[in-house]
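Hi everyone, thanks for coming.

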Amino acid sequence: MTTVPPPAAPAPEPISPVQAAALQAGVLPPVEAVRPGIWTLAVPFRFGVPDATLVYVVEGSDGALTLIDPGWTADDDLDALRDGLSGIGRSLDEVGLVVVTHLHADHLGAAAAIRRATGARVAMHRLEVDALRREREDAAANDADIATWGLPEHLRAGVVEAWGSGRRIGLGRTAEPFADLLLDDGDVLPVAGRTIRTLWTPGHTAGHCCFVDEADGLLFTGDHVLPRINSGIGLGGRTGANPLGDYLASLGRLDGYADLEVCPGHEYRFRDVVTRARTLARHREERSRHVAAALDALSSPTLYEVASRVPFSGGIESMTGFLLASALTQTAFHAELLGRADEVRPA
Ligand SMILES: [Zn+2]
């Protein structure tokens with residue numbers, strides 16, 4: 001019997017013609033007002049894909065600026081951010097708070113340089129600080145995992161370099177993990193005159209947070225929900241939980257926010273986070289079915305053999321380094337969530 005897969009749900013429409021045009025042209029979108037006292041600007045990320053981060057600038061009633069995800073910087077160069085802020089007649093010196101959705105370099109990367117330049121406080125979820133602190137031991141533990149995956153020999157060194165102890169650039173690109181303010185679920189950000197609430201959404205990383213500004217009708221989603229990209233899972237250090245299970249639960253946490261404008265960390269702003277979250281959850285369900293089918297078909301497979309039967313976009317044969325490691329760990333999360341981890345044979 002042949003089953004016809006349901007058509008892939010279309011990506012949500014961009015709210016902003018400016019962001020849509022920039023995306024089409026492959027250039028950074030210009031600074032744009034989102035609400036009175038709230039703007040978005042883009043800074044380049046030269047280290048990977050996606051290649052730009054959307055930074056949100058929020059003005060408090062005291063005039064101080066808060067940045068949600070300051071983006072990336074190369075060599076502490078903050079010119080892209082300075083240029084963006086000057087486009088709204090503001091300066092970096094007015095930034096008093098930097099809030100990050102999660103620890104990845106394209107979101108947290110510029111925080112340390114801004115803190116040094118301006119004395120701004122940096123806020124993130126406490127689990128992100130823990131993960132940054134554990135980064136070295138996690139990398140060594142990842143090496144031990146990689147050795148069990150059954151990788152073809154010629155791929156192994158590249159995976160260790162991207163995922164294990166060979167990694168040259170840290171998760172957050174910070175010499176020392178730091179935060180001035182540790183966030184927990186439900187915490188209100190210290191932004192004068194506004195109520196922006198922390199919504200803990202683990203999955204992409206263990207301490208990933210979205211931020212909810214109901215009065216302005218905005219939901220800042222970082223990399224938890226993006227309009228076109230399926231975010232990777234479990235990319236923020238090792239946790240005791242299954243990041244895929246966390247992620248699916250975190251998608252469910254967005255129910256009730258369908259009316260808010262979605263302000264993601266990349267691509268463009270859009271409406272109806274609930275529909276997008278359901279599409280993302282369906283994508284994961286489908287992948288679970290593929291992992292289950294691979295486990296049904298194979299006898300005592302290695303993780304690489306299981307993943308080879310999962311139709312990752314581009315195909316696992318084309319993957320190396322970070323992408324390959326991510327595909328394999330996601331396969332392991334699916335197997336575990338299916339209760340079938342013990343069917344995968346350590347190589
Ligand atoms: Zn990102």
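How many cavities of 30 Å³ or more does a search of the whole structure find? The search finds one. Before I go on, this is a predicted model, where local features need pLDDT of at least 70 and side-chain atom pairs count only at pLDDT 80 or more, while totals for chains, interfaces and linings use all residues. Residues are numbered from 1 along each chain as its sequence is written, and side-chain values use heavy atoms, with hydrogens and water left out.

Back to that cavity. On a 1 Å grid over the protein atoms alone, a cavity is a set of points where a 1.4 Å probe fits but cannot get out; a pocket is an open set with protein on both sides within 12 Å along at least five of seven lines; and lining residues have an atom within 4 Å of a point. The largest cavity has a volume of about 40 Å³, volume being the space filled by probe spheres set on the grid points, which are joined across faces, edges and corners. Among the residues lining this cavity are G203, T205, P243 and D246. By class, its lining has three nonpolar, six polar and one charged. Here Ala, Val, Leu, Ile, Met, Phe, Trp, Tyr, Cys and Pro count as nonpolar, Asp, Glu, Lys and Arg as charged, and the others, Gly among them, as polar.

P243 also belongs to our next element, helix α8 (residues 243-252). Helices (H or I, at least four residues) are DSSP runs, numbered from the N terminus. α8 packs with helix α9 (residues 273-297) at an angle of about 155°, with axes 9 Å apart. Axes are lines fitted to C-alpha atoms over the stretch in contact, and angles run from 0 to 180 degrees between N-to-C directions. The two helices are therefore roughly antiparallel, a term for angles over 145 degrees. The contact (heavy atoms within 4.5 Å) is made by L244, Y247, L248 and L251 of α8 and A277, L280, A281 and R284 of α9. Those residues divide into seven nonpolar, no polar and one charged.

Finally, the second largest pocket holds about 690 Å³ of space. Its lining has 31 residues, and D145, R238, T329, A332 and F333 lie nearest its centre. Which helix gives the most to this lining? That is α11, with seven residues. Thanks, everyone!

Terms used. Parallel < 35°, antiparallel > 145°, perpendicular 65-115°, else oblique.
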